[in-house]
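Here are my notes on this one, jotted down while going through the coordinates. Have a look at the structure first, then read on.

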Amino acid sequence: MHEMSLAEGILQLIEDSARQQSFARVSTVWLEIGQLAGVEVEAMKFCFDVVTRDSLADGARLEIIALPGTGWCMQCSMTVPMTEVFGECPQCGSHQLHVTGGTEMRVKELEVA
Amino acid sequence: MCTTCGCGAGEVKIDGEHAHHEHDHVHADGTTHKHDHDHDHDHEHAAAAAHEHPHAHAHPHSYAPAHSHAPGVSTKRMVQIEQDILSKNNAYAAENRQHLVERGIFALNLVSSPGSGKTTLLVKTIEMLEGRQHVAVIEGDQQTSQDAERIRATGAPAIQINTGKGCHLDAHMVGRAMGKLELTEDSLLMIENVGNLVCPAAFDLGEAHKVVILSVTEGEDKPIKYPDMFRAATLMLMNKCDLLPHLTFSVPRAIEFARRVNPAIEVIEVSATTGQGMDAWLAWLECGAAAAAASKLVTVDALKRRIAELEARLPQGS
């Protein structure tokens with residue numbers, strides 16, 4: 001996925017929030033990233049550092065909370081864990097899985113000053 | 001987007017839009033780059049941050065208010081955000097979608113690798129739909145307006161978006177281009193995305209469906225190599241099927257891989273060169289366009305917006 005655009009999206013959310021909530025510096029950013037969101041954590045950290053240079057989040061720490069991938073198996077009629085988007089059901093081996101969780105890409109909270 | 005520093009849609013150009021003013025940015029590490037701005041500048045600055053980029057002109061800065069910054073006193077606090085990273089794009093996409101749905105326009109986001117034959121397929125499609133269906137096109141490429149010119153040669157209106165260093169179209173660019181196209185009601189809007197099987201998957205443009213084009217000269221395992229795109233698409237067009245006799249490409253295997261990622265994906269085999277399969281593709285398009293026109297969302301609010309738009313076009317004083 002495209003970590004540079006995502007990092008830019010994060011900075012926009014931070015800047016919007018700074019305007020609304022009146023803060024001038026961000027020291028830590030918590031992200032929730034689903035296991036199936038296709039986000040490379042290392043690439044994300046690198047891009048975040050580049051994008052936030054000279055901004056109010058310059059030098060901020062990026063904390064990533066990984067959310068597990070889950071899917072609904074149409075054969076088993078139950079929620080099963082998924083580790084990849086095109087994965088198979090660990091119970092029955094079917095590919096008829098509908099992803100129900102793990103595609104999140106969210107800014108959860110900030111530590112600001 | 002500028003991949004040097006991530007500084008917004010720096011080099012985006014849309015046909016017919018005035019060149020934006022440019023200015024230099026100098027970063028703390030000494031790197032300098034140029035970019036132009038949209039006309040709403042709001043810059044966020046840390047209150048105490050050294051501010052190094054020289055501006056050739058004045059524009060409003062929204063500073064965070066100078067609240068208690070007494071030395072030695074920690075003012076750290078937590079702020080809950082709970083917002084999707086792509087929420088800005090998604091808000092623009094929702095606006096585009098509403099605009100399209102209210103006018104009964106069937107919009108498709110065409111995605112593929114570079115060289116899959118998207119533009120040729122589009123030209124052929126427009127030629128075959130002539131007199132049956134009104135088509136407008138938004139073309140996305142990093143550079144040049146060659147594709148939009150190829151489309152305009154068919155007589156269909158087309159707008160080129162050059163994304164500069166950006167690798168995908170976003171909903172804001174498409175919204176601006178839609179404004180320039182003066183779309184006809186109950187028509188078809190084809191948005192040809194930048195050739196890239198990765199990034200466009202994440203960016204909703206407000207389309208009814210994504211259509212992924214896979215040419216048979218590519219690997220049949222592309223759907224599992226680039227699953228996000230094939231998962232996001234409603235329809236897969238297998239293009240260049242006239243070349244199958246010369247290749248080892250297995251159509252059933254490619255379909256199996258695509259359905260592994262997206263069990264519901266529809267598949268049509270086509271050849272823009274020989275016209276094979278084009279009837280099925282045109283039928284799919286006309287079916288979608290008819291459904292979009294039939295379910296046109298005529299609400300009171302929509303009518304009010306239309307009246308306001310038309311009134312704005314009236315000459316002043318009449």
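This is a predicted model: local features need pLDDT of at least 70, side-chain atom pairs count only at pLDDT 80 or more; totals for chains, interfaces and linings use all residues.

1. Residues count from 1 along each chain as its sequence is written, and chains are lettered from A and ligands numbered from 1 in the order in which they are written.

2. The contact (C-beta atoms, placed from the backbone, within 7 Å) takes 41 residues from chain A and 37 residues from chain B. On the chain B side, S6 (77-84), H6 (227-232) and H7 (251-261) each supply at least two residues, and S6(B) gives the most, with eight.

3. Glu111(A) stands opposite Met78(B).

4. Now H8(B), residues 278-294: its 17 residues should span 24 Å at 1.5 Å a residue, and the end C-alpha atoms are 24 Å apart, so the two agree. (The expected span is 1.5 Å times one less than the number of residues.)

5. Which residues of H8(B) are buried? Trp281(B), Leu285(B), Ala289(B) and Ala292(B) are, buried meaning 20 or more other C-beta atoms within 10 Å of a residue's own, and exposed 12 or fewer, with C-beta atoms placed from the backbone. They fall within an arc of 65 degrees seen down the axis of H8(B), so they line one face. (The arc is that of the directions from the helix axis to the C-beta atoms.)

6. The face of H8(B) turned away from its buried side carries exposed residues, including Asp279(B) and Cys287(B). Cover for the buried residues of H8(B) includes strands S7 (106-112), S10 (188-192), S12 (235-239) and S13 (266-269) of chain B.

Notes: Two residues are in contact if their C-beta atoms, placed from the backbone, lie within 7 Å. Helices (H or I, at least four residues) and strands (E, at least two) are DSSP runs, numbered from the N terminus. Two strands pair if DSSP finds at least two bridges between them.
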